[in-house]
Amino acid sequence: MTSAAPFNALPDTPNLLELSGITTAYGRIEVLHGLELRIGAGETVALVGANGAGKSTLLRVISGLQPASGALRFDGADLARTDAAERVRRGIVQVPEGRQVFTGLSVEDNLLLGAYTRRDKKAIQQDLEKQYQRFPILKDKRRLPAGTLSGGQQQMLAMGRALMARPRLLLLDEPSMGLAPLIIEQIFAIVGELKQEGITLFVVEQNAAEALAVADRGYVLETGSIVAEGHGQALLDNDSVKAAYLGG
Amino acid sequence: MLSEFFQFTFSGVTLGAIYALVALGFTLIYNASHVINFAQGEFLMIGGMGTVVLLEAGAPLPLAMLGALLLAGVAGVVLYKLAIAPAKKANVVTLIIITIGASIFLRGLAQFFWGKQYHALPRFSATESISVGGATLLTQSLWVLGIAVVLVVALALFFNRSRLGKAILATSMNKDAARLAGIKTQTILTLAFGISALLGAVAGVIVAPITFTAYDVGIMLGLKGFVAAAIGGLGSSTGAIVGGLLLGLSEAYTAGYISSDYKDAVPFVIILAILFFLPNGLFGSRAVERV
């Protein structure tokens with residue numbers, strides 16, 4: 001890790017997620033080089049960085065879609081032998097980049113599949129209602145195929161689907177990607193609500209300004225290594241971060 | 001004249017229902033894994049031949065059929081576990097070639113253990129045929145149609161109503177997203193191969209009293225089922241059913257009005273025409289490549 005001492009800030013709460021020495025490769029090309037990262041319970045942490053820095057790869061590693069070496073601990077337990085499905089059951093839930101809704105299934109089926117790892121039917125119904133309250137547009141369109149929704153609505157559906165799993169750690173990959181400014185504002189307002197509700201959030205964004213504004217702490221990822229970390233506002237005010245990621 | 005037409009239609013619809021079931025098997029595996037499983041025909045053979053062998057061993061017909069279906073289901077799961085799953089990093093063409101290899105292997109096993117003779121299964125009802133509008137309708141045709149309809153309805157309910165059915169659909173639409181929802185996609189694929197094998201085996205059992213069965217019936221029935229699936233547009237279940245019926249009817253009319261010598265050529269003429277003019281089939285998606 002480069003010396004980022006002025007920004008160095010550790011979570012005030014016990015670690016929920018702890019990564020150390022995370023290295024992964026696509027074929028021969030190493031994309032993450034010994035990453036160290038901590039997310040405290042109840043924190044909102046942002047990860048910003050340019051295209052191709054390895055942000056989505058890191059989320060795939062955390063979700064168990066991409067194998068990696070190094071240690072990954074969630075709520076104190078080592079995840080080395082825990083597959084993707086079991087991680088979801090334990091509460092690590094991702095809203096993937098580009099929404100990735102099940103386009104041919106109805107909106108309601110998409111939401112219900114989010115609760116695939118759960119068996120508590122009654123609570124699932126209640127959570128479904130909760131998502132409909134949070135995203136009223138989804139209730140209006142609940143019988144329609146998810147593929148007919150607009151980009152912003154699909155983003156809401158993807159978030160609703162993830163929330164149906166009752167996440168303890170919600171991973172958001174580029175929630176603002178390809179959306180109109182007004183919709184981006186809505187999405188980040190919802191991210192703010194989730195934060196208020198006490199869900200631990202890990203937001204990965206190219207849109208660094210929005211992400212760092214909502215975050216308690218942030219990390220800057222550059223070509224597979226963390227180059228800076230610190231409190232959200234401190235990173236926002238930092239000149240080099242500004243120059244590199246905030247367009248001056 | 002009309003009675004002739006009825007006659008050809010009856011046999012066309014019967015054959016069509018069989019092709020539709022085989023095509024549904026192709027569709028299911030294609031959707032779940034993008035693999036075209038050329039061993040699909042062998043599941044029909046295992047269904048028919050397995051029943052014959054169990055009958056000869058003294059089992060009553062229903063039990064023999066059940067045993068054969070079970071055997072085919074196991075064969076489907078084993079095919080996935082031993083041949084497809086270990087090669088999951090291979091590209092789709094390689095996987096398709098693996099299924100061709102598996103079909104030759106299964107056929108060889110059947111020839112070795114069950115012999116090369118042709119067998120007929122007894123029909124399911126005592127009465128052989130009834131007369132409808134001057135044409136003869138085999139009671140076995142009614143069994144074929146009835147069972148095909150029940151299976152199609154059951155499949156539709158399974159995919160539209162059950163959690164597991166929707167998980168299979170979700171996996172076929174977006175595998176990564178399915179894994180992120182906590183769906184074990186390996187299990188889902190195993191299940192798809194098992195269900196698909198069962199479908200094929202049912203088709204093999206119900207058609208065996210009409211067409212005879214032997215260790216190598218899977219080649220032709222499998223290929224025709226594939227043509228039916230391609231006519232409908234690979235990946236569409238409605239397409240598989242329509243494709244199967246279209247194929248069965250055109251075969252029956254060709255055999256009846258032109259010559260039965262050309263019957264087996266029909267599917268291959270049709271598939272050439274489809275590939276030239278409608279490469280996505282009648283109900284296929286227009287997308288060139290699903291991402």
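Which residue in strand 4 of chain A is the bridge partner of A:Thr23? I opened my notebook with that, and found A:Ser69 as the partner. A reminder to myself before going on: this is a predicted model.

**Entry 1: the four-stranded sheet of chain A**

Strand 1 (residues 15–26) and strand 4 (residues 69–74) of chain A run antiparallel and are joined by five bridges. They belong to an open sheet of four strands, which I read in the order 2-1-4-5, with antiparallel pairing. At the edges I noted strand 2 (29–40) and strand 5 (77–78) of chain A; each has a single partner strand, so one side of each is left without a neighbour in the sheet. Next I asked what packs on this sheet, and found helix 1 (residues 55–63) of chain A there. Helix 1 touches strand 1, strand 2 and strand 4 of chain A, and its direction makes about 65° with that of strand 2.

**Entry 2: the six-stranded sheet of chain A**

I then turned to another open sheet in chain A, this one of six strands. I wrote down its order as 6-7-8-3-9-10, and its pairing as mixed. Which strands pair on one side only? They are the edge strands, strand 6 (92–95) and strand 10 (225–231) of chain A. From one strand to the next, I get a twist that averages 15°.

I looked at one pair here in detail. Strand 9 (residues 217–222) and strand 10 of chain A pair in the antiparallel sense, over six bridges. Within that pair, A:Gly218 has A:Gly230 of strand 10 as its bridge partner. Helix 6 (residues 151–163) of chain A packs on the sheet, where it touches strand 6 and strand 7 (169–173). I make the angle between the directions of helix 6 and strand 6 of chain A about 170°. Helix 7 (residues 181–196) of chain A lies across strand 3 (44–48), strand 7 and strand 8 (200–205), and runs at about 155° to strand 8.

**Entry 3: chain A as a whole**

Stepping back, I counted ten helices and ten strands in chain A. Its C-alpha trace spans about 50 × 40 × 35 Å along the principal axes. For 248 residues, a compact globule would have a radius of gyration near 18 Å, and the 18 Å of chain A agrees with that.

**Entry 4: chain B as a whole**

How many helices and strands does chain B have? I found eleven helices and two strands. From the N terminus on, the elements run α-α-α-α-β-β-α-α-α-α-α-α-α. The C-alpha atoms of chain B fill a box of roughly 60 × 50 × 35 Å along the principal axes. I checked the radius of gyration here too: with 291 residues, a compact globule would have one near 19 Å, and chain B has 19 Å, which agrees.

**Entry 5: two helix pairs in chain B**

I began with helix 3 (residues 61–84) and helix 4 (residues 92–114) of chain B. They pack at an angle of about 130°, with their axes 11 Å apart, and are therefore oblique to each other. Helix 3 passes helix 4 of chain B in a right-handed crossing. On the helix 3 side I listed B:Ala75, B:Leu79, B:Ala83 and B:Ile84, which meet B:Leu95, B:Ile98, B:Ala102 and B:Leu106 in helix 4.

The crossing of helix 9 past helix 11 of chain B is left-handed. Helix 9 contributes B:Lys224, B:Val227, B:Ala230 and B:Ile231 to the contact, and helix 11 contributes B:Pro267, B:Ile270, B:Ile271 and B:Ile274. The classes come out as seven nonpolar, no polar and one charged.

**Entry 6: where the chains meet**

Last, I looked at the contact of the two chains, which takes 14 residues from chain B and 20 residues from chain A. On the side of chain B that touches chain A, helix 6 (163–173) and helix 7 (175–180) of chain B each supply at least two residues. Which element of chain B gives the largest share of that side? I found that helix 6 of chain B does, with five residues. The residues of this side of chain B divide into eight nonpolar, two polar and four charged.

Notes: Residues numbered from 1 in each chain as written. Chains lettered and ligands numbered in written order. Predicted model: local features only at pLDDT ≥ 70, side-chain atom pairs only at ≥ 80, totals over all residues. Left-handed = near helix turned anticlockwise from the far one by under 90°. Contact = placed C-beta atoms within 7 Å. Nonpolar A, V, L, I, M, F, W, Y, C, P; charged D, E, K, R; others polar. Pairing = 2+ DSSP bridges. Axes fitted to C-alpha atoms, helices over the stretch in contact; angles between N-to-C directions. Rg over C-alpha atoms; globule rule 2.2 N^0.38 Å. Parallel < 35°, antiparallel > 145°, perpendicular 65-115°, else oblique.
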